[in-house]
Structures are given as C-alpha cells and as structure tokens.
Amino acid sequence: MPHTPERLRRVVIDPGGPLLVEGPVKVALGDGSIATSRRFMVAICTCRRSRTYPWCDTSHRRRTKRDRELP
Amino acid sequence: MTVTGPPLPSARGELSAAVLSALLGGRPHAVSVDGRDPYGDDLQLALYLLYELHYQGFAGVPEEREWDVGLLALRRPLERRFLQALRADVPPLSDAEQALGDLLVEPVGHDGTSVSHHLERDGELWQLREYAAVRSLYHLKEADPHAWVIPRLRGRAKAAMVAVEFDEFGAGRAEEIHAQLFADLMRDLGLETAYGHYLEAAPAEALATVNLMSLFGLHRALRGALVGHFATVEVTSSPASRRLASALRRLGAGAAAQRFYDEHVEADAVHEQVVRHEVVGGLLDDEPRLEPDIVFGVHATGLLEDRLGAHLLKAWRQQRSALRVPLS
C-alpha cells in the first residue's frame, strides 16, 4: 500500500499495549542499531518488557497470581 | 477426478464406518446420532472425513464428491449434534469485549493445566513430537478454514481479515506460508510431513478442534463464531508460542523448528491487535446482532482446547502416549 500525501500512514496507540504502525518499517534503536520489519502492520513495544524488543511479544499483558494445577 | 491425497483412515465406530463406506462408493446410509458422544472418536472422525473433502480430500475419493448430496445429508446430523453439544456446554455469556479481555490475562506462575507451560518447563522430546504430530492436522492447513469467512464479511472486518490471512499465507512468498514453516518444524523433529499423515494417530480431542474451524468456516450462518474462534487463536498464540519456542530450544530441536514458534510470537502479537480491533470490532459495528455468536466462538474454542490439553497432559503424566498410534 503506497503512502502518498493523500493516503497518510496510520499509527494506532493501544493504551497499555504496543504502538501499531503500518509496515514496512525501520526502527532506529538507542544503541545505533536498526531493526526492520516488512509486516503489513508492526506492533512496537512500549512497556520495554518484550524479549523481542522493539517488537511487541505481549509481555505487557495483565497477569494473575493464581497458579493452576490439573485436578 | 482424483486418486491422490492422504489415505483413508480406519473406522472408529458405526458412524465413521458408514461414512467410509459411502466415500468408497457405497450407497450413503444414515446411522442415527442419538445417544452418540458428540465429542467421541466415532462422531468426530465421521465429521472430519466429510469436512476433509472441502480441503484436500482422500486418495481414491473423486473430487466431485465434495458436493455429493448423499454425503452432505450424512454430514448434517453429525454437525447438528456437535453444535448442539457445544452450545449446551459453553457459558451463556454474550459480551465480546469481556470474553476476549479474559483471554488477555496471563498467569504469573506455572499453569499446570496448560500444555505450553508443561512443555516449556517439564516437557520431554517425545511429548513435543507428539504435540507437533497432533497439531499437524491443523497447522498443515493453517489459516485455510478461516479464509472461507472472507466473502461473508464486509468493510473493515474484511480488509483486516484479508491482511492477517495474507501474513498467514506467507505474504506472497511460498516458503514463508505458515503451513510450510510447520512442515519444516516437523522435519526437524523427525516427523512425517505429508498432509493428513497423523489422522490415524490423532485422538478425538484433536479432531474436534479442527472440526470446529471447518464447521464455523463452512457455514455463513456461523461467521460470527468463526471470527470469535479466530480471535481466540490469535490472542492466545503469542505467549504460548514463546513457551513452545523455549521448549524447543531447551530440548535441542533444530533451527526450523524454533523458527515456526518464533515467527508466531511476533506475528500473532500483531494479529491479536488487528483481529480484536478491526475484525471483531468491524464485524460488531457492521452486524451487532452477531455478538453472541462471536462470544460463542471464543468459548467453544476454549472448551475444546481445554479438553485436548487435559487429554495430552493426563497421558503424559502417566508416561504414556497421547496418540492412538504411538510415533516410531
């Protein structure tokens, strides 16, 4: 999908979740390295807990304390 | 015409025997479904055989029989029984946001009822191989049943559904089709990669999870349930895939095996967002009356996944195979 002046690139903020950006994208990281993704949509981690940073890996999700065991 | 495709499996009771006989050219004769276990081996295999005609069929069964009215007449009472059981067994809830919101909560500690938690922490290689064999019934046709919903959607829901499916089908690259990535994983685990190879070995609980997608995908009237099902898969996939990738690393599986689940951690973190906001949200805006069906799809998927998980974990804790035919 071309991003022309008439058709703007859409960025969606998920409150409590990632930043959704229409791909493909290059993300310049703080250490000078660059991460690229060619997906149609890219979820960029904002909670900093992702193990695949800068991409979201759902680590932001709310957690329950309860352990579950099979009966 | 066709004579290619996977071989027909053996019958598991009267219902599946009647379907097999009809597929082999016998005159279709209905066997009553009254009193049959809707989740049992016999009914689930009978349904699976008939649904499979809409995918890749079986060796020796002509392609034209997909729309054979005699076979369709055999299918109807089977799927009605299955659907009625599911409707009776899921909680009577109808708030889609809440149903999906509940799936977004992850346990902090170990979840002893979850197959991916088990495999990550305690799983053995033979269990991981059994898991891949069981899941191959779906993953070797990953995203196929969901494609059937596309002509039944409009606007935002349709555009977003197609975008996610595009990713599932490799974004234009055959070697990246998720079903192909799964075949690569199976090869790394020393499993047979032919489509349908593990049907004979698959327990009823595994057949039911695939029959659910076929049921929802093939019926326009169940498009809301299909969307609810798809949302459940995408929402639960990313964290489960991370645990499975970790299990594969711990047990020394090859690079291709890890690749499948690594891809799903990242892809499904995106798909979850797109499916919840655009596919579910778009369908709710377009056809708000489908909300109870969407919720039904979420809970029916959870119910059948829980049954499969309980079956696998019970067998593995007793150090025995969860398959009908143990792997060589």
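Me: Leaving aside neighbours within four places in sequence, which residues is A:Thr58 in contact with?
Reply: Happy to start there, and please keep in mind that this model is predicted. With sequence neighbours within four places set aside, the contacts of A:Thr58 are B:Ser238, B:Pro239, B:Ala269 and B:Glu272.

Me: Where in chain A is A:Thr58 found, and is this residue buried or exposed?
Reply: Look at the loop between strand E5 (41-44) and strand E6 (63-64) of chain A, where A:Thr58 is found. Its relative accessibility is 3%, and buried means under 20%. A:Thr58 therefore counts as buried.

Me: Thanks! How much space lies in the largest pocket, and which residues are the closest to its centre?
Reply: The largest pocket holds about 1500 Å³ of space. It is lined by 50 residues, and the closest to the centre are B:Leu103, B:Ser114, B:Thr236, B:Glu305 and B:Asp306.

Me: Which element gives the largest share of that lining?
Reply: Several elements of chain B give two or more residues to the lining of the largest pocket, among them helix H4 (96-103), helix H11 (223-250) and helix H13 (291-317). By class, the lining has 21 nonpolar, 16 polar and 13 charged residues. The largest share, eleven residues, comes from H11(B).

Me: And the second largest pocket: how much space lies there, and which element gives the largest share of its lining?
Reply: About 760 Å³ of space lies in the second largest pocket. Of its 29 lining residues, the closest to the centre come from chains A and B: A:Arg39, A:Phe40, A:Met41, B:Ala163 and B:Phe166. The elements giving two or more residues to this lining are helix H8 (155-168), helix H9 (178-188) and H12 of chain B. The largest share, seven residues, comes from H8(B).

Me: Now chain B. What area is buried between domain 1 and domain 2, and which residues of domain 1 lose the most area?
Reply: The domain assignment gives domain 1 (14-89) and domain 2 (96-317) of chain B, with C-alpha centres 24 Å apart. In all, 21 residues of domain 1 are in contact with 26 residues of domain 2. The area buried between them is about 2100 Å², with 68% given by carbon and sulfur atoms. On the domain 1 side, the residues that lose the most area, together 32% of what that side buries, are B:Tyr39, B:Tyr48 and B:Tyr55.

Terms used:
Residues numbered from 1 in each chain as written. Chains lettered and ligands numbered in written order. Predicted model: local features only at pLDDT ≥ 70, side-chain atom pairs only at ≥ 80, totals over all residues. Heavy atoms only, no water. Helix = DSSP H or I, 4+ residues; strand = E, 2+ residues; numbered from the N terminus. Buried < 20%, exposed > 50% of the residue type's maximum accessible area, 1.4 Å probe, protein only. Contact = heavy atoms within 4.5 Å. 1 Å grid on protein atoms, 1.4 Å probe; cavity = no way out; pocket = protein on both sides within 12 Å on 5 of 7 lines; lining within 4 Å. Points joined across faces, edges and corners; volume = space filled by probe spheres on them. Nonpolar A, V, L, I, M, F, W, Y, C, P; charged D, E, K, R; others polar. Domains from an automatic or database assignment. Buried area = accessible area lost by both parts, 1.4 Å probe.
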